[in-house]
Amino acid sequence: MLIFQRLVTRRMDWREKTVYAFLLAFSVYEAIDYAGNLDWMELYEWNDLLFAGPARSIERFLSYKPK
Amino acid sequence: MMEKKAAVPISAFQMSLLLFAFMTGSAIINIPGPIISEAFGGAWISLLFSGAAGLLLLGCLLFLHRAEPDLSYVECSKKALGTAVTFALSVMTVPFLLHIVTGIVIDVGLFMNSSMLRETPNTVFNLAIFAIAALTARAGIEVMARMFALILMLIIPLTVIVLALAIPNYQFANLLPVFPYGWRPIWHGAYSSFGFPFEEIFVFGMLLKYTRKEDRTFLGRSLAKGFSSCILFLILSTLCTLMLFGPLAPIKKYSLFELARIIEAFEIIQRIESVIGMSLIAGSYMKESIALFVLAHFVSDLFKLKDARAIMMPLALIGFLNSLVSYDSNTEWIEIVNVMHPLWAFGGFTLPLLLTAALIGIKRRRSGARASGSADSSG
Amino acid sequence: MDRTEAGSRRSVSPGEAEPWSENLDDNLARIRRLFEGSSDFVILPWRYGPDLAFRSCSFFYDSLVQERHQNYMKSVLQDLLTHEVGPGTELKIDELAAFFERRGVSAELAQMRCDLPSVAADISAGHVVVAFDGWNRALSFSALSVESRQVAEPTNESVVQGPHESTVENLQKNLGLLRLRLQSPNFKIVRSNGGGESQTQFAYGFIEGKVDPGLLEEFRVRLEKTRNMEILESSYIEQLIEDSPLSPFPQHRYTERPDTAVAAMLDGKIAVLVQGTGSILLCPGKFTEFFQSGEDYYQRTIFSSIIRILRINAFIIALTLPSLYIALTTYHPELIPTILLLAVIDAREGIPLPAFFEALLMEFFFELLREAGVRLPKSIGSAVSIVGALVIGDAAISAGIASPIMVVIVALTGIASFTIPQYNFAIALRILRFPLMVSAALLGGFGMMICFLLILLHLCSLRTLGQPYLAPLAPLRLRQFRDVVIRAPLSRLLRNPVNRGHHRSVK
């Protein structure tokens with residue numbers, strides 16, 4: 001069925017081709033990371049850099065451990 | 001079949017069904033366990049608060065929809081804030097959408113791994129769910145609305161029956177005390193449950209433009225009804241969990257599953273947790289396909305692509321690989337969901353939405369004042 | 001009296017589109033060139049008039065035409081002599097031509113043909129064509145008489161109460177059966193021809209005002225695309241106009257009963273009949289209609305509703321029972337009640353194959369038995385069923401190949417699939433059962449659910465003649481549930497037909 005879909009979809013224009021290529025490149029990056037078991041920078045590590053600090057402090061502020 | 005590109009609009013009732021499916025889809029697995037561990041006996045009060053905040057967000061979305069009925073959130077935002085600011089804001093939003101897309105499947109994989117099919121590697125579950133979610137998202141919103149109505153008709157009665165079958169085991173005394181440690185746990189629970197699942201209603205900003213024109217007047221009412229029934233459903237399952245397990249509730253992560261394990265009725269109906277497991281997976285599948293659909297449309301609206309279906313498969317592939325490779329250990333995943341998720345949701349979803357809504361509101365008021373001013377001066 | 005031009009025939013592709021000439025020898029030569037080589041083609045020369053001076057010739061296929069119809073010349077001349085010209089007077093070709101061109105009354109119906117392709121088409125359809133020397137028209141008389149079946153009891157759709165008439169292979173007779181039951185001028189029948197070498201006649205009927213004009217237009221557009229293809233049976237038309245030829249689910253219904261066809265047309269469907277076959281094609285066919293049988297409407301409401309629910313359960317059983325067994329015994333034994341579980345384990349002890357292969361083997365045997373049963377002559381048929389029961393049943397169990405529970409499951413599945421009224425729908429179940437079994441064997445309940453979701457996705461995106469296949473289930477229209485799971489009392493079904501739209505007339 002996917003082959004059937006592939007045959008009837010239209011040609012992509014330059015925008016779609018660019019985005020498609022970029023997405024494929026990113027997935028190749030992740031595939032190599034997975035296959036080689038290398039610990040490259042992925043989504044959550046990027047996330048960690050940005051706002052792990054504030055998030056953790058909010059969490060620490062709000063949580064209550066029963067004594 | 002594929003040449004008919006024009007998106008067929010769906011009715012308001014179908015839109016509210018989609019809302020219900022999206023909200024309850026993966027919330028039923030993951031809530032109420034974490035909320036009870038944070039808010040103890042007052043978990044249902046936290047849900048009430050976060051539900052109210054969620055309704056405010058829904059109001060924002062509907063305001064946006066009424067101002068610009070045929071534009072999706074991204075197009076609205078480009079119009080109100082400008083393309084550059086939209087791109088800057090979506091630096092937080094698009095990765096968060098990707099996080100939602102992978103997070104749902106990671107949760108399913110972890111769930112299957114811990115309870116039902118323990119020895120199968122997570123890869124299989126992730127691949128299966130991504131494959132059908134991608135195919136469903138590709139089929140379009142009308143097919144999704146039709147399918148999910150049928151699936152919901154199966155899942156909701158099943159869940160209610162399971163909750164009802166456990167009645168002999170409920171102990172109402174377990175519901176108290178409601179505020180054992182003051183108000184802070186309640187706020188904690190509210191903060192957490194607002195992050196997941198109520199803040200994710202933002203994705204419907206991309207979907208509301210597909211409503212039928214005749215139904216646009218009572219869309220708000222239908223959506224509010226759907227959202228409220230979701231809140232009630234979650235509160236119901238939280239209460240049932242509290243009544244059943246009492247203080248031990250937070251120990252087991254998947255509470256509805258454990259509830260189903262305990263049921264023993266008529267000597268034949270025992271250990272029916274696999275049935276609940278199946279319905280949980282169906283709910284997650286529904287949420288996943290909507291999330292994938294929204295992600296594809298978000299990216300395609302951002303870059304002004306003609307057809308979002310062109311990038312749906314690569315996005316599914318990225319989601320699949322992300323679900324395998326992005327988190328290093330279970331503990332890290334738990335931290336991401338409990339700690340990072342609410343703040344990320346705020347920065348990626350709520351903040352841009354509020355900004356866009358505020359700017360559109362100001363513009364309308366200014367143009368309204370100008371129009372009424374000119375009307376005054378002329379008439 | 002001419003028939004309406006709505007049924008005009010297309011010309012045969014061999015043969016020049018030349019007009020019929022006045023010279024008989026020219027025409028004779030052309031006809032000989034076209035039809036030579038066939039031993040059943042007859043050329044009969046005649047002479048008439050004073051001193052038998054004028055010539056004419058009849059052409060026909062003697063395999064199509066009955067003996068007593070071969071001599072139309074005689075009846076034509078007799079009519080002329082009695083009515084027009086008067087006894088004993090000379091009969092000339094001009095008077096003959098004038099008589100027919102001015103459409104005089106004659107005992108036999110005659111049509112005038114003016115070129116070779118239409119003459120050739122008429123001869124192939126069983127007409128006797130008479131050509132005259134000196135007149136540039138040929139007369140064509142319908143004379144087809146080939147043996148055909150009598151109207152009898154339907155073979156595949158018998159009912160306990162209700163009419164026992166079924167359609168036959170003759171298009172005219174079938175159309176007559178329909179028109180007799182639907183005596184309304186709004187019931188329109190449009191005739192057409194297939195293409196290619198067969199030129200089969202077919203017709204489609206609908207009730208103007210009940211059928212959706214958009215639907216009819218879509219149907220006509222699709223039919224146009226099949227102009228040049230050969231149509232041998234109504235299933236050819238189905239396969240050429242359907243939305244998804246690759247789907248296992250049929251998108252149109254078949255019936256051999258005129259009353260079912262009439263009820264469907266009253267519901268806004270289009271009925272297609274083809275010459276040479278008794279199956280009426282009803283388009284479009286929605287998922288919920290495949291569970292309906294004609295008898296539902298002739299029995300009491302409660303009984304019909306219960307039987308309908310039984311059929312829906314049979315559908316689910318036929319689709320999922322073997323895979324459910326595989327998933328439960330292999331992956332989720334805790335779901336089986338303990339006592340039954342002990343029985344299952346006891347039965348499965350000593351079976352060399354795992355549950356999946358055992359199920360596959362027994363299903364395969366059952367499919368073999370089913371196919372063999374279709375092809376066998378009736379005399380051996382009963383012997384085969386006994387052998388099949390013995391082999392698949394007792395012997396397999398005693399030999400240790402299969403467990404008794406597996407045999408019960410396979411038998412139940414087979415019986416459940418026979419409950420479905422439409423044969424082409426039961427085929428879908430047979431196909432889909434195997435992927436479900438494979439996915440259940442691979443991933444247990446999860447795999448079954450994935451397969452189910454795929455099937456549901458396919459069903460939800462399927463369209464039949466442009467309409468959603470799963471209506472009224474999805475999109476959910478509760479008002480149209482009168483005839484889906486239960487059968488509402490006839491007074492509600494007929495008096496307030498929300499299901500059947502009343503549309504403006506098709507223009």
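Q: Two residues are in contact if their C-beta atoms, placed from the backbone, lie within 7 Å. How many residues does each side give to the contact between chain B and chain A?
A: Chain B gives 34 residues and chain A gives 32. Of the 2 pairs of chains in contact, chains A and B share the most contacts.

Q: What kind of model is this, and how are its parts numbered?
A: This is a predicted model: local features need pLDDT of at least 70, side-chain atom pairs count only at pLDDT 80 or more, and totals for chains, interfaces and linings use all residues. Residues are numbered from 1 along each chain as its sequence is written, while chains are lettered from A and ligands numbered from 1 in the order in which they are written.

Q: Which elements make up the side of chain B that touches chain A?
A: Helices here are DSSP runs of H or I with at least four residues, strands are runs of E with at least two, and both are numbered from the N terminus. Two or more residues each come from helix 5 (83–116), helix 8 (184–195), helix 13 (312–325) and helix 14 (330–378) of chain B. Helix 13 of chain B gives the most, with 8 residues.

Q: How many residues of chain C and chain B are in contact?
A: On each side there are 22 residues. The side of chain C that touches chain B has 17 nonpolar, 4 polar and 1 charged.

Q: How far apart are the nearest C-alpha atoms of chain A and chain C?
A: They are 9 Å apart, and the two chains do not touch.

Q: What makes strands of chain C a sheet?
A: Two strands pair if DSSP finds at least two bridges between them. Strand 4 (residues 127–132) and strand 5 (residues 138–142) of chain C are joined by 5 bridges, so they pass that test. In that pair, C:Val128 stands opposite C:Phe141. In chain C, 5 strands form an open sheet in the order 1-2-4-5-3, with antiparallel pairing.

Q: Why are strand 1 (41–48) and strand 3 (110–113) of chain C called edge strands?
A: Each pairs on one side only.

Q: Which strands does helix 4 (residues 116–124) of chain C touch, and at what angle does its direction lie to strand 4?
A: Helix 4 of chain C packs on the sheet and touches strand 2, strand 3, strand 4 and strand 5 of chain C. Its direction makes about 140 degrees with that of strand 4 of chain C. Such angles run from 0 to 180 degrees between N-to-C directions, with axes fitted to C-alpha atoms, for helices over the stretch in contact.

Q: Why is C:Gly445 called buried?
A: A residue is buried if 20 or more other C-beta atoms lie within 10 Å of its own, exposed if 12 or fewer, and partly exposed in between; C-beta atoms are placed from the backbone. C:Gly445 has 22 such neighbours, so it counts as buried. Its place is in helix 14 (residues 423–461) of chain C. Among the residues that C:Gly445 touches are B:Ser274, B:Met278 and C:Tyr331.

Q: Why is C:Ser382 called exposed?
A: C:Ser382 has 10 other C-beta atoms within 10 Å, so it is exposed. It sits in helix 12 (residues 378–399) of chain C. The C-alpha atoms of C:Ser382 and C:Ala98 are separated by 67 Å.

Q: How much helix is there over residues 381–401 of chain C?
A: The chain is 90% helix and 0% strand there, and the end C-alpha atoms are 26 Å apart. An unreviewed UniProt entry lists residues 381–401 among the stretches for "transmembrane region" in chain C. UniProt positions are given in the numbering used here, feature names are shortened, and annotations may be inferred rather than shown by experiment.

Q: How do you know where the predictor is confident in chain C?
A: By pLDDT, the predictor's confidence in each residue, from 0 to 100. Chain C averages 82, and 89% of its residues score at least 70. Confidence is lowest in helix 2 (residues 72–85) of chain C, at a mean of 66, and highest in strand 9 (residues 270–274) of chain C, at 93. Over residues 1–15 of chain C the pLDDT is below 50. Where pLDDT is low, the predicted coordinates should not be read in detail.

Definitions and conventions. Nonpolar A, V, L, I, M, F, W, Y, C, P; charged D, E, K, R; others polar. Lists of a residue's contacts leave out its neighbours within four places in sequence.
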